[in-house]
Amino acid sequence: MVGDPNTGKCVKCSYGCDQCSSPGVCEECKSGFYPKQVKTLSSSTTGSNAADVNVVYESKCEQCHQSCATCNGPSARNCTSCPPSLTLDESLGICYNATSVECPAETFKSGSTC
């Protein structure tokens, strides 16, 4: 939780965020999530009826692909660690079942690894 600068009340950090410094600014993502910068536009009208457009960057946390325990991006090829039942191929960034006969798409079995 973090204090909202406008209201002074505590508000929850965004979904997937473990620690935030302000609403919309995540400092550390929960396990199974990765940090992502999100660009949004906000506008306000000045006295001359011209709209001022401001670009605002927010740090959000997005969920990792379901095959990853931790990751650095959204796809199955962005895994940095795997659930206990899977093995990480560090060169490809994928998690796979090492005891399975099949390897992930675009890979092949060499000995006991894909």
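Modeller: A residue is called buried when its relative accessible area is under 20%, exposed when this is over 50%, and partly exposed in between (1.4 Å probe, protein chains only). The structure shown is a predicted model, in which local features need pLDDT of at least 70 and side-chain atom pairs count only at pLDDT 80 or more, while totals for chains, interfaces and linings use all residues. Residues are numbered from 1 along each chain as its sequence is written, and side-chain values use heavy atoms, with hydrogens and water left out.

Colleague: How many helices and how many strands are there in the protein?

Modeller: Helices (H or I, at least four residues) and strands (E, at least two) are taken as DSSP runs and numbered from the N terminus. Along the sequence the pattern reads β-β-β-β-β-β-β-β-β-β. The count is therefore 0 helices and 10 strands.

Colleague: What percentage of the residues of the protein count as buried?

Modeller: The accessible area (Shrake-Rupley method, 1.4 Å probe; for residues, only the protein chains shown count as cover) comes to about 7,700 Å² for the protein, with carbon and sulfur atoms supplying 49% of it. Among the 114 residues, the buried share is 25%.

Colleague: How many disulfides does a search of the whole structure find?

Modeller: A disulfide is a covalent bond between the sulfur atoms of two cysteines. The criterion applied here is a pair of cysteine sulfur atoms within 2.5 Å. By that criterion, the number found is 6.

Colleague: Which residue does a disulfide join to Cys 29?

Modeller: The S to S distance of this disulfide is 2.1 Å, and the link is left-handed, with -90 degrees about the S-S bond. The partner of Cys 29 is Cys 61.

Colleague: Where in the chain does Cys 79, the partner of Cys 68, lie?

Modeller: The sulfur atoms of Cys 68 and Cys 79 are 1.9 Å apart, and their link is left-handed at -65 degrees about the S-S bond. The two residues are 11 apart in the chain, with Cys 68 in the loop between strand 6 and strand 7 (70–71). Cys 68 and Cys 79 are both buried. Cys 79 belongs to strand 8 (residues 79–81).

Colleague: Is the disulfide of Cys 82 and Cys 95 left-handed or right-handed?

Modeller: The sulfur atoms of Cys 82 and Cys 95 are 2.0 Å apart, and both residues are buried. Because the torsion about their S-S bond is about -90 degrees, the disulfide is left-handed.

Colleague: Which residues does Gly 16 touch, not counting residues up to four places away in sequence?

Modeller: Gly 16 sits in the loop between strand 2 (10–11) and strand 3 (17–22), and its relative accessible area of 3% makes it buried. Its C-alpha is 5.3 Å from that of Cys 61, although the two are 45 residues apart in sequence. A contact means heavy atoms within 4.5 Å. Beyond its sequence neighbours, Gly 16 touches Cys 29, Lys 30, Phe 33 and Cys 61.

Colleague: Which residue in strand 4 is the bridge partner of Cys 17?

Modeller: Two strands are paired if DSSP finds at least two bridges between them. Strand 3 and strand 4 run antiparallel and are joined by 4 bridges. In their hairpin, which has 2 residues between the strands, Gly 24 takes a positive phi near 85 degrees. Within strand 4, the bridge partner of Cys 17 is Cys 29.

Colleague: Which residues make the nonpolar surface patch of about 430 Å²?

Modeller: Patch residues have over 30% relative accessible area and no salt bridge; like charges are joined within 9 Å, and nonpolar side chains (Val, Leu, Ile, Met, Phe, Trp, Tyr) within 5 Å. A salt bridge is a side-chain nitrogen of Lys or Arg within 4 Å of a carboxyl oxygen of Asp or Glu. Strand 6 (residues 51–63) gives the largest share of the patch, 3 residues, and Val 55 of this strand is partly exposed at 45% relative accessibility. The patch is made by Leu 41, Val 53, Val 55 and Tyr 57.

Colleague: Leaving aside neighbours within four places in sequence, with which residues is Leu 92 in contact?

Modeller: Leu 92 is located in the loop between strand 9 and strand 10, and it is partly exposed at 30% relative accessibility. Between Leu 92 and Arg 77, 15 residues apart in sequence, the C-alpha to C-alpha distance is 6.2 Å. The contacts of Leu 92 are with Arg 77 and Thr 107.
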